[in-house]
Amino acid sequence: MTADAVTQPAYDRAAPLQAVDSYVVEQTTDGLEITARLRVVAGQATTRGHFPTLAVLPGVFVIEAAGQALALAVDRAGGAPTVLRRLRSVRFLAPFLDGDELTLRLTATPQPTGWLVRGEGLRTDGVVAARLRAEFGPRELPHA
């Protein structure tokens with residue numbers, strides 16, 4: 001496994017905001033194991049204005065990072081582009097602040113209609129700051 005640096009956002013998600021700085025993907029018998037990283041920096045578009053006096057990464061951007069990480073991993077594995085179809089659950093347990101590095105550890109399991117993704121987001125200090133379960137599927141749903 002080698003870490004891949006990301007130079008532009010995955011597909012057209014949150015364009016032009018990049019939610020993944022680097023990622024590692026491993027294919028397993030059950031799907032994909034993905035580790036993605038994003039540095040939180042005060043003054044970036046992702047942190048400006050969320051809290052006036054504090055650079056905090058918004059929770060929605062943690063979800064976006066999971067989506068971009070999956071898109072990069074699926075593309076690398078030769079699959080079709082995906083979009084968020086259903087957010088089953090998400091918990092934000094602690095803030096991601098200026099200087100933190102968000103490390104997403106995701107397990108993506110193929111489903112008949114796309115991918116089931118489970119994961120957690122850790123801060124630099126090792127604290128689990130977010131947990132999520134989501135379903136991703138093709139950009140275009142097949143017509144019945």
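# Contacts, burial and salt bridges

Q: What share of the contacts in the protein with a separation of 6 or more comes from residues 24 or more positions apart?
A: Residues 24 or more positions apart account for 60% of those contacts, where a contact means heavy atoms within 4.5 Å. The model is predicted, so local features need pLDDT of at least 70 and side-chain atom pairs count only at pLDDT 80 or more, while totals for chains, interfaces and linings use all residues. Residues are numbered from 1 along each chain as its sequence is written, and side-chain values use heavy atoms, with hydrogens and water left out.

Q: What makes up the pattern of the protein, read along the sequence?
A: The protein has one helix and seven strands, in the order β-β-β-α-β-β-β-β. Both kinds of element are DSSP runs numbered from the N terminus (helices: H or I, at least four residues; strands: E, at least two).

Q: Why is Leu 116 called buried?
A: Its relative accessible area is 8%, and buried means under 20% (exposed is over 50%, partly exposed in between; 1.4 Å probe, protein chains only). Leu 116 therefore counts as buried. Of the 144 residues of the protein, 41% are in that class.

Q: Where is Leu 116 found, and what is it in contact with beyond its neighbours within four places in sequence?
A: Leu 116 belongs to strand S6, residues 114–122. Its contacts include Arg 88, Ala 108, Ala 134 and Glu 135. The C-alpha atoms of Leu 116 and Glu 135 are 4.7 Å apart, although 19 residues separate the two along the chain.

Q: What makes Glu 135 and Arg 88 a salt bridge?
A: The N to O distance between their side chains is 2.6 Å, and the rule asks for a side-chain nitrogen of Lys or Arg within 4 Å of a carboxyl oxygen of Asp or Glu. The pair therefore qualifies. Glu 135 is in strand S7 (residues 128–138) and Arg 88 in strand S4 (residues 82–92), so parts 47 residues apart in sequence are tied together. Arg 88, at 35% relative accessibility, is partly exposed.

Q: Why is Glu 120 called buried, and why is Arg 105 called partly exposed?
A: Glu 120 has 19% relative accessibility, so Glu 120 counts as buried. Arg 105 has a relative accessible area of 41%, which makes Arg 105 partly exposed. The closest N and O atoms of these two residues are 2.2 Å apart, and they form a salt bridge. Arg 105 lies in strand S5 and Glu 120 in strand S6, so the bridge ties parts 15 residues apart in sequence. Elsewhere, salt bridges with shared partners join Arg 37, Arg 39 and Glu 101 into one network. The count of salt bridges is six.

Q: What makes S5 and S6 a pair?
A: They share nine bridges in the antiparallel sense, and pairing needs DSSP to find at least two. S5 and S6 therefore pair, and they form a hairpin with two residues between them. Ala 108 stands opposite Val 117 in S6. S3 and S5 pair over eight bridges, also antiparallel; the bridge partner of Arg 37 in S5 is Thr 103.
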